[in-house]
Amino acid sequence: MELDTWTVADGVKKFMIKDFFVKDKLFEVDVILDTQNVTCSFKMFTRIGYPCRHAFYCLSSCGIHKIPRNLLSKRWMKNAEKMHSTLGSRENFKSCGEEKVKAKSQDVWFEFQGCIGDVSGDEELLEYVLLELRSLREKIQEKSKKKPTNSKADVAERLIGVKPANVITVHPSHQSKNKGSRKRMLSSLEKSLDGRKRPTRICKSCCVPALHDSRNCPLKENEIDHQVEEVIEDATGEKENA
C-alpha cells in the first residue's frame with residue numbers, strides 16, 4: 001500500500017491510496033480532522049461494520065493512533081449481548097400467551113424508535129433522552145425487583161431458548177482406524193506357521209543351515225560381484241596394453 005496524493009480543504013484531508021493487493025487500484029479516503037470521521041471508497045465499514053486498512057493507514061498518517069469512537073460498531077463490542085432486544089421475537093410472546101402483551105410491547109418499541117428519530121442529530125436532546133432512559137430503567141428494576149443477568153448461560157437461554165447443561169452427556173466418537181492403519185497383514189506362510197520359527201534348510205551353495213537357498217545365497221552374490229570386478233579389471237588392462 002502506497003500514498004499517491006493528498007490534499008487538505010475545509011478541514012477535510014483527502015488521500016489517494018494505491019493498494020498493491022488489489023492490482024494497484026486507487027482508493028479515495030476522506031478524513032475529517034475535527035470529528036476524526038473516515039470515509040473510504042472501498043466501503044468496507046458500510047458493508048461489514050469495521051474500517052479497512054486504507055482507513056487505518058490514513059488515520060496513522062494524520063497522527064491519530066487511537067480508533068475513533070464513531071468507527072466502533074456496537075455489534076463488535078463486549079457489551080453487544082446487553083444490547084440484544086427480544087421485543088419483536090414471536091417466541092418471547094408464546095410463553096405469555098397474550099396478544100395484548102404483544103401489542104403493548106410493539107407500541108413501546110415503536111415509541112422508542114420514534115423518540116430516537118426525533119432527536120437524531122441533536123446532541124443535547126440525545127443526552128436528555130439517555131438520562132431519562134437510565135432513570136426509567138432504574139425505576140423499572142426497583143419496581144420489578146429483578147436484577148439483570150449477564151452470565152453466558154442466561155444470555156444463551158434468552159437467545160436460543162435452552163440453557164446449557166452442567167453435565168455433558170454427548171461425547172465425541174472414538175477414532176476409527178481404516179484399512180492399512182494397523183499392523184501389516186500376514187502372508188499365508190506366516191499364518192500357517194502360527195507364530196512358530198521358520199525352519200532352516202541346508203543351502204547347496206554354502207552348505208550351511210540357513211533360511212536362504214542357492215538362488216539367493218549371499219555367498220553366491222559375493223562370487224558374482226567378484227567375477228564382475230575381475231572382468232572389469234581385465235578389460236581395463238587390455239585397453240592400457242593396447
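In this tour a residue is called buried when its relative accessible area is under 20%, exposed when that area is over 50%, and partly exposed in between, using a 1.4 Å probe and protein chains only. The model is predicted, and local features need pLDDT of at least 70, side-chain atom pairs count only at pLDDT 80 or more, while totals for chains, interfaces and linings use all residues. Residues are numbered from 1 along each chain as its sequence is written, and side-chain values use heavy atoms, with hydrogens and water left out.

Select Cys206, which is partly exposed, with a relative accessible area of 22%. If a disulfide is taken as a pair of cysteine sulfur atoms within 2.5 Å, a search of the whole structure finds zero of them. For Cys206 the nearest cysteine sulfur belongs to Cys203 and is 3.7 Å away.

**Stop two: Asp19.** Select strand S2, residues 12–19, where Asp19 lies; strands (E, at least two residues) and helices (H or I, at least four) are DSSP runs numbered from the N terminus. Asp19 is buried, with 0% relative accessibility. Its side chain makes a polar contact of 2.8 Å with the side chain of His54, where a polar contact is a pair of N or O atoms within 3.5 Å, one able to donate a hydrogen and the other to accept it within protein, and where residues adjacent in sequence count only if both atoms are side-chain atoms. A polar atom of the Asp19 side chain also lies 3.0 Å from the backbone nitrogen of Phe21.

**Stop three: the loop between S2 and S3.** Move on to Lys23, which lies in this loop and has a positive phi near 60 degrees. Most residues other than glycine have a negative phi. Asp24, in the loop between S2 and S3 too, has a positive phi of about 55 degrees. Is Lys23 buried or exposed? At 82% relative accessibility Lys23 counts as exposed, whereas Asp24 is partly exposed at 43%.

Finally, select S3 (residues 25–32) and S4, which run antiparallel and are joined by four bridges; two strands pair if DSSP finds at least two bridges between them. Asp30 has Thr39 in S4 as its bridge partner. Four residues lie between the two strands of this hairpin, and Gln36 in the turn has a positive phi of about 60 degrees.
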